[in-house]
Amino acid sequence: MKLALVSEKVRAMIPSFPDSEEVIAVASDASEHLADILERAEEKPVLALVFLEAEDFSNFVDCFRQINYRDLVYRIVLFDPGGAHDSVCDEDLGIIYDMRTSPLSAVEFHFLLRRGFAFLREYYDFRADKDEKYLQLLDTKQDQEDLINIGKSLSVEKDPDTLLRVILFLSKKITGADAGSIYLIEKNEKGENQLRFKYSHTFSKDIPIEEFVMPMDMKSIAGYVAITGKVLNLEDMYNLPAGSPFSFNTSIDAQHRYRSKTMLAVPMRNHIDEIIGVIQLLNSKENLQDTQLVTGNEAFEIRLETPEDFDTKVLPFDPRYEGLMEAVASQAAIAMENNRMIKQIETQFEEFVRASVNAIESRDKATSGHSFRVAEICKEMARAVNEETEGVFGDVSFSATEIKELEYAALLHDFGKVYIDLAIFMKGKKLFPKDYENLIMKINYLYRVIELQYLICDAGCAEATFSEEARKQVESFKIGRKEKLEAIRKAKETIASLNEPTVTERDPGEILDSVMLEIGQILCRDIEGNSIEILDGPTRANLSIRRGSLNEEERKEIESHVLHTYNFVSRIPWPPEFKNIPEITLKHHEKLDGTGYPQGLKGKDQIPVQARMMAIADIYDALTASDRPYKRAISKDVAIRILTEEAKNNKIDTDLLDIFVRYKIHDKVDKDSFRMAD
Ligand SMILES: [Fe+2]
Ligand SMILES: [Fe+2]
């Protein structure tokens, strides 16, 4: 409404009031009069042009300082015959529309009214427009923040099902939707596209819907959006636009006493602009003036229960959500694709690691399953450490990724063995079987040669007649024959026992020397007449090994598997979270007292906890694994005794062995698991 309000004090300055559409009122107290009008006015804003004496200015302005422009817009025509306008402060000058020192003519008054109200209307429109733009700006800012937050939330979520929930939750939060569903495009057995209804949630009602598939055609809303890539913003699902190729199935509504009213359906486009699914949102509940929201979010606070609720609380989706939701759906699609690719990479790594391990395991059936079992034991130990709430491991915990890292390291810890001659690993005696057979064959040959020499001699002697002297010589020759053959037989037995990897008290080299002293003088020649060397240098060196079955060179060769493993796993482009794998594998044979290999590291600071765990798992499995051609399996109790001894001697970690024993890790992994079929 328009109001020309004239203070009684200045009434005399206005000779006559014209007939006009504005309300013209004269009041003794202008501010009181205006306040009264504001209270009663049905039409707002009140546009008021106030004619006031200068000395009343400040009081008047103070009364209306807090009034919103949507209720009142006013300006003052000041009458100031005494120069009181000087007291008006600068901030309030804008309220003064005009100032007069003499009475107005009728024409001037009329013109002032016309121009004044035009100004007030223009001012009001300008403010309203500015406010609207400001609100739009706030919406845009909110949209941007939502998008950024969605990007952040989606990028950290690794679980595909949780990701779908997060996508729907955020979509509903942004649009104030009461319900939403996600459809994903997939191929059927014929290679045709179909839509899988993947996930849905309705805030107001518990409507459980099982996953199902449907044809991807234009008959359904999701199919239409998936095929055309268009956004659908529908105002009434029960009254679809004329000529729509799709229809809406109302049966679920009927079943659950729900009313699908407004819908926004957007395509989910991935990074190469391919549509991978559709997000459908139902019943926007935004912008309800009369609702007091606690959380500030309509989607999760306004419940639609009665038919009236659906009539009064559901609104069409604001068109600005069309573009915004398209962006959200694409972010979701990209997050899902990323997720899928990460999963694919993980699976590929897993398969690659397992295939590599199978390559080592298949070389030696007797040790097969070792790497898998060591990996299982390590995982169980890490989980046990996680359960500790006090003590050394009270605040140590392994994340799922760290346990995976440990598992991969354990699976590959012996991969370097593929570079090493299998015969060395299988070497159970000091001589390789063929070398031993060769040696025994030479001794047998020597025996037979000597025997034959005597037989020939016997035959010759039988035909000859000897003098007494000669007969004595023949007899002593026969006695010597027995001794020689006996010495050869004994040498054979000694060599067989020296070939065993047992620890001998006497130096095996010395024993060998005394044996060879006896049979070494016996001359033995081949067909060409060359003398045959019974014990060559390398054979002698091997039989002289004082402990175990390996010579120095072979032991070093076996130990080098750690470096081969390290070089191999270092070349694999692991994702950053698996960066410790090379180091863990490199250190699985280090001992706390510095006697391990390859670097002879000392103490817990130098050997990571994962490598210390692996050392225990490795020794335990090597001891208890089923019989090997060169080693008998030992019982779990004996293995633990040996490990305890190792811990006492500061070779392995006592605290980790304590975990191993306390949590009965040995019972969690069967010694024969993962074995290959013979
Ligand atoms: Fe190893
Ligand atoms: Fe091993």
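A residue counts as buried if 20 or more other C-beta atoms lie within 10 Å of its own. By this criterion, 31% of the 678 residues of the protein chain are buried. The model is predicted.

The protein chain contains 23 helices and 11 strands. Its radius of gyration is 49 Å, well over the 26 Å that the globule rule gives for 678 residues, so the chain is more spread out than a compact globule. The C-alpha trace spans about 185 × 65 × 45 Å along its principal axes. Contacts were also sorted by sequence separation. Among those with a separation of 6 or more, 67% join residues 24 or more positions apart.

An open sheet is built from five strands in the order 2-1-3-4-5. The pairing is parallel. Strand 2 (23–27) and strand 5 (96–100) form the edges, and each pairs on one side only. From one strand to the next, the twist averages 20°.

Within this sheet, strand 3 covers residues 46–53 and strand 4 covers residues 72–79. The two strands pair in the parallel sense over eight bridges. Val50 stands opposite Ile76 in strand 4. Helix 3, residues 106–156, packs on the sheet. Helix 3 touches strand 1 (2–7), strand 3, strand 4 and strand 5. The direction of helix 3 makes about 130° with that of strand 3.

Two loop residues were examined individually. Phe17 sits in the loop between strand 1 and strand 2. Along the chain, Phe17 and Phe109 are 92 residues apart. Their C-alpha atoms are separated by 7.9 Å.

Ala366 belongs to the loop between helix 8 (320–361) and helix 9 (370–387). Ala366 counts as partly exposed because 17 C-beta neighbours lie inside 10 Å. The separation in sequence between Ala366 and Arg675 is 309 residues. In space, the two residues are 8.4 Å apart, C-alpha to C-alpha.

Note on methods: Residues are numbered from 1 along each chain as its sequence is written. Chains are lettered from A and ligands numbered from 1 in the order in which they are written. This is a predicted model: local features need pLDDT of at least 70, side-chain atom pairs count only at pLDDT 80 or more; totals for chains, interfaces and linings use all residues. Two strands pair if DSSP finds at least two bridges between them. Helices (H or I, at least four residues) and strands (E, at least two) are DSSP runs, numbered from the N terminus. Axes are lines fitted to C-alpha atoms, for helices over the stretch in contact, and angles run from 0 to 180 degrees between N-to-C directions. Two residues are in contact if their C-beta atoms, placed from the backbone, lie within 7 Å. The radius of gyration is taken over C-alpha atoms; the globule rule is 2.2 Å times the number of residues to the power 0.38. A residue is buried if 20 or more other C-beta atoms lie within 10 Å of its own, exposed if 12 or fewer, and partly exposed in between; C-beta atoms are placed from the backbone.
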